[in-house]
Structure formats: C-alpha cells, structure tokens
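I opened the model today and kept short notes on what I looked up. The entries follow in the order I made them.

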Amino acid sequence: MRRPVKPVVLLCSFVLCAYAGVRLLDGDWFPVALWFVGAALVHDLVLLPLYAGADRVLVRGVRRGWVTYVRVPAALSGLLLLVWFPLISGRVSERYAGAAGQSAEGYAVRWLIVTAVLFGGSAVVCAVRRGRGRGPTDGA
C-alpha cells in the first residue's frame with residue numbers, strides 16, 4: 001500500500017503558509033502588500049536584467065568548464081548581499097542596535113570574508129576535480 005506522504009506534506013506546507021500570511025497581514029496590511037509588489041517589480045525590472053547580463057558576460061569571458069565555479073559562489077554571495085544589505089551598508093546601525101541590543105559593526109567585513117571563503121572553496125573544488133581529470137577542460 002502506497003502512503004500519500006507528498007500530498008500530506010504539501011497540504012501541511014500550504015496550511016503553514018496560509019497561517020503565516022494571515023499573521024503577516026494582520027493589522028497594517030498595506031505596507032506589507034506594497035513591499036511585496038515593490039520587491040517583485042524591483043527584481044523583475046532591475047535585478048533580473050543585471051544578473052542575467054552579468055551571467056552572459058561571465059559565459060563569454062570564462063572558459064566553458066569554469067563557469068559553474070564562478071557562478072555558484074557569485075550567486076550565493078549576491079544572495080547574502082541582498083538579504084543583509086541594510087546591515088552591510090550600515091544604514092540601519094542605530095535601529096539594529098536598539099532592537100537587537102548588539103552592534104551592527106563588522107557586517108561588511110564578514111560578508112567579504114564569507115565571499116572570499118565561497119570563492120576559495122570553489123577554487124579548491126575546481127582544483128581537486130581538475131586533478132582527478134573531472135574538472136574544466138582547456139578547450140571550450
């Protein structure tokens with residue numbers, strides 16, 4: 001007998017999302033809705049063309065086998081920058097310190113360190129795979 005695990009998990013996730021949506025929109029819903037619409041527009045009209053163009057430049061400028069070793073750490077670093085930008089830029093330092101009770105100092109340095117580790121780890125994986133003969137080839 002086959003158990004319906006996937007539909008049950010899917011249903012539970014929908015129930016959880018509905019609960020979170022009701023809680024999120026409870027009270028002052030207009031700024032939240034405005035933020036969602038604004039985020040979608042900024043992504044589709046600004047960010048998508050930027051990172052699609054950067055990816056095209058990468059594909060044209062780097063040998064074919066090396067693209068993934070640059071694309072993955074760049075995407076993760078960009079995602080971290082997008083999520084933590086207010087703290088990395090230092091624009092909300094006072095509000096963050098008041099709300100969290102901690103200083104917002106050092107987020108930019110930590111982001112740079114994480115980015116360096118991501119690219120360094122990608123270079124190590126590339127070198128190990130190339131040493132085993134499974135990495136990027138010299139021909140494109």
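**Entry 1: Gly106**

I looked up Gly106 and found it partly exposed, at 31% relative accessibility. I use buried for under 20% relative accessible area, exposed for over 50%, and partly exposed for what lies in between, with a 1.4 Å probe and protein chains only. Gly106 sits in the loop between helix H4 (93-100) and H5.

**Entry 2: ground rules**

I note that this is a predicted model, in which local features need pLDDT of at least 70 and side-chain atom pairs count only at pLDDT 80 or more, while totals for chains, interfaces and linings use all residues. Residues are numbered from 1 along each chain as its sequence is written, and side-chain values use heavy atoms, with hydrogens and water left out.

I placed Ser122 in helix H5, residues 107-131. Ser122 is buried, with a relative accessible area of 10%. A polar atom of its side chain lies 2.5 Å from the backbone oxygen of Tyr69. Leaving out residues up to four places away in sequence, I find Ser122 touching Tyr69 and Pro73; contact means heavy atoms within 4.5 Å.

Thr115 is in helix H5 too. Thr115 is buried, at 14% relative accessible area. Its side chain makes a polar contact of 2.7 Å with the side chain of Ser77. Here a polar contact is a pair of N or O atoms within 3.5 Å; within protein, one must be able to donate a hydrogen and the other to accept it, and residues adjacent in sequence count only if both atoms are side-chain atoms. The side chain of Thr115 also reaches the backbone oxygen of Trp111, at 2.9 Å.

**Entry 3: the whole chain**

I counted five helices and zero strands; these are DSSP runs numbered from the N terminus, helices being H or I with at least four residues and strands E with at least two. The radius of gyration is 21 Å, well over the 14 Å that the globule rule gives for 140 residues, so the protein is more spread out than a compact globule. That radius is taken over C-alpha atoms, and the rule is 2.2 Å times the number of residues to the power 0.38. Along the principal axes, the C-alpha atoms fill a box of roughly 60 × 60 × 30 Å.

Of the 140 residues, 13% count as buried. Among contacts between residues at least 6 apart in sequence, 46% join residues at least 24 apart.
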